[in-house]
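Here are my comments on the model you sent. Please read them with the structure open.

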Amino acid sequence: MREDTIAAIGTPLGEGGIGIVRVSGPDAIRIAKKVFLPRKRQDWAEGPGYRLFYGYAVDPENGAVIDEVLLSFMRAPYSYTTEDVVEVNCHGGFLAVRKVLEALLRAGARLAEPGEFTQRAFLGGRIDLCQAEAVLDVIRAVTEEGLRVAQGQLQGHLSREIRTLREEAVALLAAVEAGIDFPDDVPGPAREEVIQDLRALRERGEALLANATAGAVYRDGVVTVLAGKANVGKSSLLNALAGRERAIVTALPGTTRDIVEDIVNVNGVPLRVLDTAGIREAVEEVERIGVARAREALATAQLVIVVLDAETGITGEDEAVFRASAERERIVVVNKVDRVAEPLPPEVIRPLAAEAPVVYLSALTGAGLDRLREAISEKVFGGRVLRPDEVLVSRVRHREALERFVGRIKTAEEGLSGGLPEDVASLDLRAAVAALGEITGETVTEDVVEGIFRDFCVGK
Ligand code: GDP
């Protein structure tokens, strides 16, 4: 249990029906008592909590009414943070919530750091580290698939998978080490058996890794650039793809995403179409290739959709776009097929982008759009079909730890097969166990934990 009591605004600032200020820590109730004046003169803090109390938030120094509020409290350990938690629902907007927060700070709470409520839930043992990370992923999810993956992780699906794997690795390690330490009393497992167990562990790690690409796609989206000359139909295509599901995400200072992008949901795959306006202009000028923005966009994109015009055919500008995107994963779209009897044959395109699938469509009529959607899924998932209940690894941090796990297990396996002594293998196995512990937070440094929560907003 932490010693100090923290407070922060839990809802976004701005005009809204309600705003919520949260307080957590051993003094939460004592502090709230100084600020909350119940309408009925009841001793609200004596009760069991988990109820709403109606009253006023008042200035702790002079008793002046700040706002009409509803207050609730949850007693440790049955709360979000596992500590005593008080929530004050006041009117939304800029001032009322701020003033309620200030009153609570004057009454003895400290302003919470970013992510500190969730960090306390982790330190209190209610959730593990990858569940804490999932909280942020739930908040930031932009597609249903992304939300489903994040919810699964929050509910502990990934944690359970990792924990079982870790327990089995620990059991194997214990058996191997007992054989080394007490060779006379405890005969270690036969070498062949250990190798087999290691292989089974490795394969389970590899199976999880196989889903990491899909997990990352659902969580982070696919950074995509629509490239092509002016008037080829890039905005029309974006709108057609997006339908009603288009979301424009703008700069939020202090978050990791500080560029403007359109998020378009294509068969559950969130395409993050970068800074469409800016890059579009720049890509159009790709011929005068001094345009740094276009180069950069094309260089960082995970997917480039090169849009051609069926009517004009391939021009010098198109060739420049092909050259500038040569290193990227790409799909070629021949747009405006409704305007011509015979659109560009694939033979004309192949010399410019031999590897890329070619899709004929009309952004205007919608004909052929489904084929583009399929081509995108195919590119992103490589034809892999996911079961709906599949546990997905979605964070780079988790993927890297799993890769280390698999790598160390493999080294142990190879060492034993090659005749190295058991104690060498046991060192690798020990490192493999530690790598898994990093995911759930059992074996993780303070810095890593701090880094994870720094990504959160204040109040979460
Ligand atoms: P951008 O400059 O590449 O973004 O191109 P726009 O999306 O603004 O489209 C340029 C023009 O082409 C607009 O007048 C569109 O209505 C038209 N256009 C786009 N796609 C099609 C299509 O598939 N068929 C036809 N007939 N017109 C299209």
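This is a predicted model: local features need pLDDT of at least 70, side-chain atom pairs count only at pLDDT 80 or more; totals for chains, interfaces and linings use all residues.

1. Main core. The largest nonpolar core has 32 residues. Those with the most contacts inside it are L237, V264, L271, I305, L372 and I376. At least two residues each come from the helices α8 (212-220), α9 (234-242) and α14 (369-381), and likewise from the strands β8 (222-227), β10 (261-266), β11 (269-274), β12 (303-309) and β13 (330-335). The largest share, six residues, is supplied by α14. Apart from this core lies another, of 31 residues, which includes L172, V194, A412 and A432. As background, nonpolar side chains in soluble globular proteins tend to be buried together.

2. Surroundings of L271. Which residues does L271 touch, leaving aside its neighbours within four places in sequence? The contacts are V222, T224, D262, I263, V264, V266, L303 and I376. Of these, V264 and I376 are also listed, with L271 itself, among the residues with the most contacts inside the largest core.

3. Strand β10. Six of the six residues of β10 are buried. Both faces are covered: one side carries E261, I263 and N265, the other D262, V264 and V266. Note that E261, D262 and N265 are included in this buried set.

4. Hairpin. β10 pairs with β11 in the antiparallel sense over six bridges, and N265 has P270 of β11 as its bridge partner. Two residues separate the strands of this hairpin. In the turn, N267 has a positive phi of about 50 degrees.

5. Sheet. Seven strands form an open sheet with mixed pairing, in the order β3-β4-β5-β6-β2-β1-β7. Its edge strands, β3 (36-38) and β7 (110-111), each pair on one side only. Within the sheet, β2 (residues 18-24) and β6 (residues 85-91) are antiparallel and share seven bridges. R22 stands opposite E87 of β6. Helix α3 (residues 116-123) packs on this sheet and touches β1 (6-9), β2 and β7. The direction of α3 makes about 135 degrees with that of β1.

6. Helix pair. How do α3 and α17 (residues 446-454) cross? Their axes come within 9 Å, at a crossing angle of roughly 140 degrees. The two helices are therefore oblique to each other; the cut-off for roughly antiparallel is over 145 degrees. The crossing is right-handed. T118, Q119 and F122 of α3 make the contact with V449, E450 and F453 of α17.

Technical notes: Residues are numbered from 1 along each chain as its sequence is written. Side-chain values use heavy atoms; hydrogens and water are left out. A nonpolar core is a set of buried Ala, Val, Leu, Ile, Met, Phe, Trp, Tyr and Cys residues joined through side-chain atoms within 4.5 Å. Buried means under 20% relative accessible area, exposed over 50%, partly exposed in between (1.4 Å probe, protein chains only). Helices (H or I, at least four residues) and strands (E, at least two) are DSSP runs, numbered from the N terminus. Contact means heavy atoms within 4.5 Å. Two strands pair if DSSP finds at least two bridges between them. Axes are lines fitted to C-alpha atoms, for helices over the stretch in contact, and angles run from 0 to 180 degrees between N-to-C directions. Angles under 35 degrees count as roughly parallel, over 145 as roughly antiparallel, 65 to 115 as roughly perpendicular and the rest as oblique. A crossing is left-handed if the near helix is turned anticlockwise from the far one by less than a right angle, and right-handed if clockwise.
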